[in-house]
Amino acid sequence: MEQENHMQVSFDAKSVNEGLARMVVSAFMTEMNPTLEQIADVKTAVSEAVTNAIIHGYSDEKELVELSCDREGQQLVVTVEDHGVGIADLEEAMQPFYTSKPQLERSGMGFSFMEAFMDKIEVRSEVGQGTKVVMWKYIETKEGCEQ
C-alpha cells in the first residue's frame, strides 16, 4: 500500500526526550481517528523503543535517536532507530526479563511490551552499527467517526 503521510524527527539521546517522542507520535496518529486505548498502546510501545535506544544504544547523550511514522491507510508504522552499540544476541535480548544493564534496575520487558501493545514488531541490529525497531499498529476507525 502506498504511504499516505510521513513524519521524521531526530532528537538527542536524553531520557527527557521520551515524552517528546510519545507526543509527536500521538499527534501524528490523530488524523487516523484512533481510540484513547490505541493512542495509549502506541505511546507505551514508543516509550519502550525510545528508552531502549537511549539506555542500551548509547553511552553518550550527544548521540541522536531517529523516529519516523508512516500512515498507510489505517496502518500506522513507527520506526525508532539508533546508531549505537547494536545488539550482539538479538534472540537473547528479546527474551522477557533480559537486560544488558541490570545495574540500572531495568525490568528487561521493553521488547515484550512493544510486542504486547503493537500488532507486529521487527528488530534489526548490527553490533557497532545500531538498532532499528519497526512497529505496526492497525488503527480501527471509531464508530460514528467515519472519515
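**Basis of the entries.** I note that this is a predicted model, in which local features need pLDDT of at least 70 and side-chain atom pairs count only at pLDDT 80 or more, while totals for chains, interfaces and linings use all residues. Residues are numbered from 1 along each chain as its sequence is written, and side-chain values use heavy atoms, with hydrogens and water left out.

**Entry 1, salt bridges.** Side chains of opposite charge can pair when their charged atoms come close. I count a salt bridge where a side-chain nitrogen of Lys or Arg is within 4 Å of a carboxyl oxygen of Asp or Glu. By this rule I find four salt bridges.

The side chains of R124 and E122 form one of them, at 2.4 Å from N to O.

I then turned to R71, which pairs with E4 at 3.7 Å between the closest N and O atoms. This pair links distant parts of the chain: R71 is in strand β2 (residues 64-72) and E4 is in the segment before β1 (5-12), 67 residues apart. Helices (H or I, at least four residues) and strands (E, at least two) are DSSP runs, numbered from the N terminus. R71 has a relative accessible area of 7% and is therefore buried. I also recorded that E4, E31 and R71 are linked in a network of salt bridges.

D41 forms a salt bridge with K137, and their closest N and O atoms are 3.2 Å apart. Because D41 lies in helix α2 and K137 in strand β5 (residues 130-138), the pair ties together parts that are 96 residues apart in sequence. D41 counts as buried at 13% relative accessibility, and K137 is buried with a relative accessible area of 9%.

I located E81 in strand β3 (residues 75-82). Leaving out residues up to four places away in sequence, E81 touches L64, V65, E66, T131 and K132, where contact means heavy atoms within 4.5 Å.

I find twelve residues in helix α1 (residues 18-29), with 17 Å from its first C-alpha to its last, close to the 16 Å expected at 1.5 Å a residue. The expected span is 1.5 Å times one less than the number of residues. Its buried residues are A21, V24, V25, S26, F28 and M29. I noted β1, α2, β2 and β3 among the elements that cover them.

N33 is in the loop between α1 and α2. It has a positive phi of about 60° although it is not a glycine, and at 17% relative accessibility N33 counts as buried.

S47 belongs to helix α2 (residues 36-57) and is buried, because its relative accessibility is 6%. Its side chain makes a polar contact with the side chain of E18 at 2.9 Å. A polar contact is a pair of N or O atoms within 3.5 Å; within protein, one must be able to donate a hydrogen and the other to accept it, and residues adjacent in sequence count only if both atoms are side-chain atoms.

Note on methods. Buried < 20%, exposed > 50% of the residue type's maximum accessible area, 1.4 Å probe, protein only.
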